[in-house]
Amino acid sequence: MKKEAFTSSQLYGILPTDIDGIEALAELALDLRWSWNHAVDEIWYQLDPDLWMETHNPWVVLQNVSHDQLKKQMADQTFRGTLDEMMKAKEKSLTDPAWFQMNHTDAPLECVAYFSMEFMLNEALPIYVGGLGNVAGDQLKSASDLGVPVIALGLLYQQGYFRQLIDPYGTQQELFPYNDPGQLPITPLRLPNGEWLRVKVIMSGHTVWLRTWQVQVGRVKLYLMDSNDPTNMPFHRSITSEVYGGGLELRIQQEIILGIGGWKLLKAMNISPEVCHMNEGHAAFLVLERAGDFMKENNVTFEEALAVTRAGNVFTTHTAVAAGFDHFSPALMWQYFGNYAKDELNLDFNDLLALGRENPFNWSAYFNMAYLAIHGSGAINGVSRLHKDVSRRLFRNLFPRWPIHEVPVGSVTNGVHMPSWDSVFADKIWTHSCGKERWRGELETVETDIFSASDIDLWQFRKDARNHMINYIRERFARQSKDSGQSLEIIERAKQVFNPATLTLGFARRFVPYKRPNLLLHDTERLIRILTNPKHPVQLVLAGKSPPYDESGKALIRQWVQFIQQHNLYDHVVFLSDYDMLLTEHLVQGVDVWLNTPRRPWEACGTSGMKVLVNGGINLSELDGWWAEAYTPEVGWALGDGQEHGDDPTWDALEATSLYDLLEEEVVPEFYTRSENGIPEPWVAKMRKSMSILTPRFSANRAVREYTEKYYLPAAANYKKRASNGGCAGKQIVNTLHDLQTKWEHLQFGETLIENIEGGYHFTIRIALNHISPNDISVELFAEGINGSLSEIITMRLDPLADSQMEHTYRAQIHTTREASDYTARIIPSHEDISVPLENNLILWQR
């Protein structure tokens, strides 16, 4: 199936081949499993402690260490024994049956191809911005742990996302260092003959060559593409320069590489996934390329091919507002897809545009990538229960006249890869309570196992983690102060900030207005009183980047930095610059309370607060995203009333007051109220509940298992069924849809009789079907839900004995206390193998 693997000697010829064991070291360094298996960290520390602590990149350590040091360590029996032990553990992790192999031995699923614009796997591979990459990276790691057959595709950025420097005035400065591929834990993807595998895509009439790379993530492989090939024109070489950089033309070019180039790479490696998972709409051009490929291979039309291939596509949306989807003008689409539609898909260009439009006949409408993903997928999901409802509202116009709760969007709430985010102190207590393999199975006993940990042990691990974080904050803040040109006084003071015994709050995320990072600054005098209370002080660590072109976000950062400076609050508040994965790890491992203040419902899910769960941190968050389904008073604190208030400044002021009240009346007193043995028992009780109840629920382990069983397995089975026999099912589906579309407008409701019966009603409805087979429709009675309950849908049965030549009779008996007028008849398509309303959105309501 796949091309022959390459070895480290094929990389750049930089590793000494005369040292015994170098191949094993290279294999460990190039497998990002080390990013969540910290037992191997000691190897890199022993080779070069300073470089390891500075970079946390084993591949850099291995390339820079001297031959003498390598020989010395490889001759050391203890070092060699550790290396041998790590290699055995690596082999065991790859060969032992995992959850998928033990639970789905006869599954139709052989391969899921996961497409994402960014992946957050480790700071050594900076090809991420934030939440989307976090979800993608953590799901790959959990897929490896669980043995789910996933491969992934993304882009290798020459610069990645920017590095941040905060100047003495609090203004963000952006730096764009170059990602030297030779220093990243990646390897060129080579053919068996040693040739570098390159993929060709056509952009606006030009040939663009894509270099390809491989990243090993435990059992999972991530394939990356970049356009920085010497044979490309200069303006094409820079397409993959930075993630989300430039304007719309650069964006469409990057998305062509991801979707179309990604599928071409799979074909070049002879990989034929049953399921393609699009992590956001960026990869939606995959829909076109996959269907076009099937069309050519099976000599069917594009429409018939799409009917087959969409069954194997899964689309996950992370966007909470319509403006967040990528939109491309008809002119830009013509520039890049005018010839592609004709030459590659044998499709009229306007038919291609229709796949990305709400109204296919609105010729001026922009092409929406989310709409393309929906029109080309067999399943759609949001990333939290609340986001499912938000997404249904966003997409309801694609399903006119359908009730909002029947818009075909499901949900899988995100989760985080707990082994990547737990501290050494947390790992110790979880291992003692739940065992080393706790995140590799069903998590059935995790809740009860961790619940048994003693108050003393829980509180001690929390103190240890806080102390470790504060040491890191001091080191980083001192270095940051020096880099930004602060005075010697500030630099020296930075080395002593924060008290290890003080309640520590954390707030770290993108600084954009909807996240309201300045909510705490609404009443600065009250905030200062809370922070500097002599008996019960509070300290706050902040971090975050604003998008480079977002001046409003930069102003929020500046507001915090200047607040600290003006009130001389360095002992109580620190803003750490250059927010990245390494900084995130330290903060989520050490803070006592994680703050989150987004404007509901703009936080589709949010994952930062999930990372503190495994570390005994407690959340204080707006009832938005994941916290809307996670919160109970026994596991944390909540802001808001669960309603939407837009950007009303009055509501912001009310919520700021509520936040101060919570801190003063609940959070601070619970932390500082101690028992005779010095333990804050109510606090530890909340901490224990949060750890035991929420950590398993919001782990990537649970999320990946849910995706597998809820989406991947059904999608694989459905795709294989449709693709069999040359895709003849596609032709049948298209014919059925066209036939029904032609006849639908002539459907008519006839006479309706409603009889009162004991405890309800008997409905009889006559319908003129206009030569539509009764097998192709379903007649239903529909009643809206009451007080938030689900709607009632009753399928009426056909009474063939009462049929006439022109009309069919349908009956239903309902036992209810509701009025008969609450029920309305409707007709919808009914096909065993066609998803309604996703693939056929026809509906007729009785007037």
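**Close-up views of a predicted model**

**View 1. Glu289 and the residues around it.** Not counting residues up to four places away in sequence, Glu289 touches Ile260, Trp263, Lys264 and Tyr340. This is a predicted model, and here we start with one residue and its surroundings. Glu289 sits in helix α11, which runs over residues 285-298. Its relative accessible area is 7%, so Glu289 counts as buried, the cut-off being under 20%.

**View 2. Val220 in strand β8.** Let's move on to a strand: Val220 belongs to β8, made up of residues 220-226. Because its relative accessibility is 0%, Val220 is classed as buried. Leaving aside neighbours within four places in sequence, its contacts are Leu140, Ala143, Ser144, Val150, Ile151 and Val215.

**View 3. Stepping back to the protein chain.** For orientation, the chain holds 29 helices and 28 strands. Its C-alpha trace spans about 95 × 70 × 50 Å along the principal axes. The radius of gyration is 29 Å, which agrees with the value near 29 Å for a compact globule of 847 residues. Of these 847 residues, 60% are buried. Among contacts between residues at least 6 apart in sequence, 73% join residues at least 24 apart.

View 4. The accessible surface is about 33900 Å², with 49% of it belonging to carbon and sulfur atoms.

Note on methods
Residues numbered from 1 in each chain as written. Predicted model: local features only at pLDDT ≥ 70, side-chain atom pairs only at ≥ 80, totals over all residues. Heavy atoms only, no water. Helix = DSSP H or I, 4+ residues; strand = E, 2+ residues; numbered from the N terminus. Buried < 20%, exposed > 50% of the residue type's maximum accessible area, 1.4 Å probe, protein only. Contact = heavy atoms within 4.5 Å. Rg over C-alpha atoms; globule rule 2.2 N^0.38 Å. Areas by Shrake-Rupley, 256 points an atom, 1.4 Å probe, with all protein chains shown as cover.
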